[in-house]
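Please read this note alongside the sequence and the coordinates. The points are numbered so that each may be checked in turn.

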Amino acid sequence: MFDLTGKVAIITGGASGIGAAAVRTFHQLGASITIGDIQADAGQALASELGDRVRFSRLDVTSQGDWESAVEQTEAAFGPVNVLVNNAGHPGHWKPASELALEEFRMVCAINQEGVFLGMKLVLPSMIRAGGGSIVNNSSGYGLVGAANNLDYCASKFAVTGMTKAAAIEFAPSNIRVNSVHAGVVLTPMVEETMKSLGADADLFIARMPLNRPAAPSEIASVFAFLASEAASFVTGAALPVDGGLTAQ
Ligand SMILES: NC(=O)c1ccc[n+]([C@@H]2O[C@H](COP(=O)([O-])OP(=O)(O)OC[C@H]3O[C@@H](n4cnc5c(N)ncnc54)[C@H](O)[C@@H]3O)[C@@H](O)[C@H]2O)c1
């Protein structure tokens, strides 16, 4: 597919779903990876399964100190970081705005928005030491279009779309590319739990997608790999839908 030999990556939310698929894909393509996640058991188990080129670091993306340790541990193990995949996320509370508490709104923005800001800011010095790199921010289809009962998630994911473009311009002189990815429905634990708690039918969402099926996590991971690789050497500041045509309508 794409060669990632010699790349040193941090993948947040790498213990589950799309992030875990990205860890597997990047490993297969030759990268060394730190899985950064709050789920220590699952993250550690995936790192142990894949072997020497994969490590786990307990990383809450809202914590500046955790980011600093993750970067330090990655550099010590593999060298300067040249790929960052900001993938960890919260699904939002799926409530009408009138019922959404300020604390709930802030919590989603702390993980999905501030977490991406902290990641880009705190990995930057390492990437400059590496001579450049690629940052892939996992936004969402809801970082391009709105949805009812989704103010917290939309706010945080549109922020990711905007921060990506600002960072792409700012970091370009350091040979660092920054792009965002916008998935539609991917059947992962996050989506399954959200659908269950809402009593929603996944088929209703899927029927709105021209390709008429959910994505497999590996179909998002392969786009992350493209953006991380030299095959995407002139792609920066892009917001790339990977949504089966959902936002083309
Ligand atoms: N599944 C979809 O349909 C879909 C669609 C569009 C975008 N996304 C985005 O993809 C990303 C991954 O979601 P997924 O569907 O794979 O869900 P998932 O629940 O399978 O994985 C999310 C991971 O993020 C981790 N995480 C949560 N809070 C964290 C924190 N504070 N610090 C570090 N790690 C944390 C979780 O432990 C988990 O491993 C999210 O940003 C989500 O918004 C998902």
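The points below concern a predicted model, beginning with the sheet and ending with individual residues.

1. The sheet as a whole. Seven strands form an open sheet in the order S3-S2-S1-S4-S5-S6-S7, and their pairing is parallel. From one strand to the next, the twist averages 20°. Strands S3 and S7 (239-242) stand at the edges; each has a single partner strand, so one side of each is left without a neighbour in the sheet.

2. How many of the residues of S3 are buried? Strand S3 (residues 54-58) is mostly covered, with 4 of its 5 residues buried. Its pairing with strand S2 (residues 32-37) is parallel and extends over 5 bridges. Within this pairing, Gly36 has Ser57 of S3 as its bridge partner. Between S2 and S3 the chain passes through helix H2 (residues 40-50), and this β-α-β crossover is right-handed.

3. Helices on this part of the sheet. Helix H2 lies across S2 and S3 and runs at about 165° to S3. Helix H3 also packs on the sheet, where it touches strand S1 (8-12), S2 and S3. The direction of H3 makes about 160° with that of S3.

4. The strand S4. Leu84 can be followed across both pairings: Ile10 stands opposite Leu84, and in S5 the bridge partner of Leu84 is Ile135. Together, S4, H4 and S5 make a right-handed β-α-β unit.

5. The strands S5 and S6. Strand S5 (residues 133-138) and strand S6 (residues 176-183) run parallel and are joined by 6 bridges.

6. The packing of H3 with H4. At what angle do these helices pack? Helix H3 (residues 64-78) and helix H4 (residues 102-130) pack at an angle of about 30°, and their axes are 10 Å apart. The crossing of H3 past H4 is right-handed. On the H3 side the contact is made by Gln64, Trp67, Glu68, Val71 and Glu75, and on the H4 side by Leu118, Gly119, Leu122, Val123 and Ser126. Sorted by class, the contact of H3 with H4 holds 5 nonpolar, 3 polar and 2 charged residues.

7. Phe224. This residue belongs to helix H8 (residues 217-228). Is Phe224 buried or exposed? Phe224 counts as buried because it has 27 C-beta neighbours inside 10 Å, and the cut-off for a buried residue is 20 or more. Residues up to four places away in sequence aside, Phe224 touches Ala22, Val85, Val136 and Val181. Asn87 is 137 residues from Phe224 along the chain, yet their C-alpha atoms are separated by 10.0 Å.

8. Gly92. The loop between strand S4 (83-86) and H4 contains Gly92. Gly92 is buried, since 26 other C-beta atoms lie within 10 Å. When neighbours within four places in sequence are left aside, Gly92 is in contact with Val108, Asn150, Asp152 and Tyr153. Gly92 and Met195 are 103 residues apart in sequence, and their C-alpha atoms are 12 Å apart in space.

9. Two asparagines with positive phi. Most residues other than glycine have a negative phi. Asn175, in the loop between helix H5 (151-171) and S6, has a phi near 65°. Asn212, in the loop between helix H7 (202-207) and H8, has a positive phi of about 60°. How is each of these residues classed by exposure? Asn175 is partly exposed, because it has 15 other C-beta atoms within 10 Å. Asn212 counts as exposed, because it has 11 C-beta neighbours inside 10 Å.

Notes
Residues are numbered from 1 along each chain as its sequence is written. This is a predicted model: local features need pLDDT of at least 70, side-chain atom pairs count only at pLDDT 80 or more; totals for chains, interfaces and linings use all residues. Axes are lines fitted to C-alpha atoms, for helices over the stretch in contact, and angles run from 0 to 180 degrees between N-to-C directions. A crossing is left-handed if the near helix is turned anticlockwise from the far one by less than a right angle, and right-handed if clockwise. Two residues are in contact if their C-beta atoms, placed from the backbone, lie within 7 Å. Ala, Val, Leu, Ile, Met, Phe, Trp, Tyr, Cys and Pro count as nonpolar, Asp, Glu, Lys and Arg as charged, and the others, Gly among them, as polar. A residue is buried if 20 or more other C-beta atoms lie within 10 Å of its own, exposed if 12 or fewer, and partly exposed in between; C-beta atoms are placed from the backbone. Two strands pair if DSSP finds at least two bridges between them. A crossover is right-handed if, with the strands pointing away from the viewer, the path from the first strand over the helix to the second runs clockwise.
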